[in-house]
Amino acid sequence: MTAPSKEKHALTTLRTNEKKWSKPLMDAGWVAFPSILLEKQKALGLDAIDMNIIMHLASYWWTAENKPHPKKSTIAEAIGVTPRTVQRRIAALEKAGLIRREERRVTKEGSLPNLYHFDGLIKEATPFAMEKIEIRQQRKEEDERRIKRKGRPELKLVKTSTPDELE
């Protein structure tokens, strides 16, 4: 895709989302997030708080190179839990191999927020995504086969018995 066509596609996508969500909501900010993570959160061992934390982290991840780095207190305030809860849940997500924290501590003003990496979550969710893609492809092929079939199925007249004939 050329640069102008990419821009046009991005603008079309934005306008489509504005129709769904409204312009003010989209202007306030939005996040791209793979729906397979929502669909398979239970299989990935994620509960509602984990998903909230992941969604919040994702909302700070604008480019692949610039990893998200919000403060735990910012996340806690946004989702209505204590910073300690966020800290424990992030530690559990890290222990499960779904996210990785990169500490950034050295500044004159104090500690900087950690950087967060989603490599583990991406790795764990990829088989579910591949399965979904395969199912979608199979359905598409089945639909194409149905469309390509020549003619319609033959209709056959089936004689039914009347109540008088049954006696």
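**View 1. Helices H4 and H6 cross at roughly 90°.** In this predicted model, the axes of H4 and H6 come within 10 Å. Axes are lines fitted to C-alpha atoms, for helices over the stretch in contact, and angles run from 0 to 180 degrees between N-to-C directions. Helices (H or I, at least four residues) and strands (E, at least two) are DSSP runs, numbered from the N terminus. H4 and H6 are therefore roughly perpendicular to each other. From H4, the contact uses Ile49, Asp50, Ile53 and Ile54. From H6 come Val86, Arg89, Ile90 and Leu93. Contact means heavy atoms within 4.5 Å. Six of the residues in the contact of H4 with H6 are nonpolar, none is polar and two are charged. Here Ala, Val, Leu, Ile, Met, Phe, Trp, Tyr, Cys and Pro count as nonpolar, Asp, Glu, Lys and Arg as charged, and the others, Gly among them, as polar.

**View 2. Helix H5 packs against helix H6.** H5 spans residues 72-79, and H6 spans residues 83-95. Their angle is about 110°, and their axes are 8 Å apart. That makes H5 roughly perpendicular to H6. On the H5 side are Lys72, Ser73, Ile75, Ala76 and Ile79. They meet Pro83, Val86, Gln87 and Ile90 in H6. The contact of H5 with H6 has six nonpolar residues, two polar and one charged.

**View 3. The largest nonpolar core has 20 residues.** A nonpolar core is a set of buried Ala, Val, Leu, Ile, Met, Phe, Trp, Tyr and Cys residues joined through side-chain atoms within 4.5 Å. Buried means under 20% relative accessible area, exposed over 50%, partly exposed in between (1.4 Å probe, protein chains only). Leu46, Ile54 and Leu121 touch the most other members. Helix H4 (48-58), H5, H6 and helix H7 (119-148) each give two or more residues to this core. H4 gives the most, with five residues. What does leucine 121 contact, leaving aside its neighbours within four places in sequence? Its partners are Leu37, Leu44, Leu46, Ile54, Gly97 and Leu98.

**View 4. Tyrosine 60 and tryptophan 62 form a tilted ring pair.** The whole structure holds two aromatic pairs. In the pair shown, the ring centres of tyrosine 60 and tryptophan 62 are 6.2 Å apart, with their planes at 55°. Rings of Phe, Tyr and Trp (its six-membered ring) pair if their centres lie within 6.5 Å; planes under 30 degrees apart count as stacked, over 60 as edge-to-face and the rest as tilted. Tyrosine 60 is partly exposed, at 27% relative accessible area. Tryptophan 62 is exposed, at 59%.

**View 5. Serine 22 sits in the loop between helix H1 (3-21) and helix H2 (23-27).** Its phi is near 100°, a positive value in a residue other than glycine. Serine 22 is partly exposed, with a relative accessible area of 28%. Glutamate 18 lies in helix H1. Is glutamate 18 buried or exposed? At 11% relative accessibility, glutamate 18 is buried. Not counting residues up to four places away in sequence, glutamate 18 touches Lys23, Met26 and Asp27.

**View 6. Asparagine 66 lies in the loop between H4 and H5.** Asparagine 66 is partly exposed, at 34% relative accessibility. Asparagine 66 and leucine 115 are 49 residues apart along the chain, with their C-alpha atoms separated by 8.8 Å.

**Notes.** Residues are numbered from 1 along each chain as its sequence is written, and side-chain values use heavy atoms, with hydrogens and water left out. As the model is predicted, local features need pLDDT of at least 70 and side-chain atom pairs count only at pLDDT 80 or more, while totals for chains, interfaces and linings use all residues.

Key:
Parallel < 35°, antiparallel > 145°, perpendicular 65-115°, else oblique.
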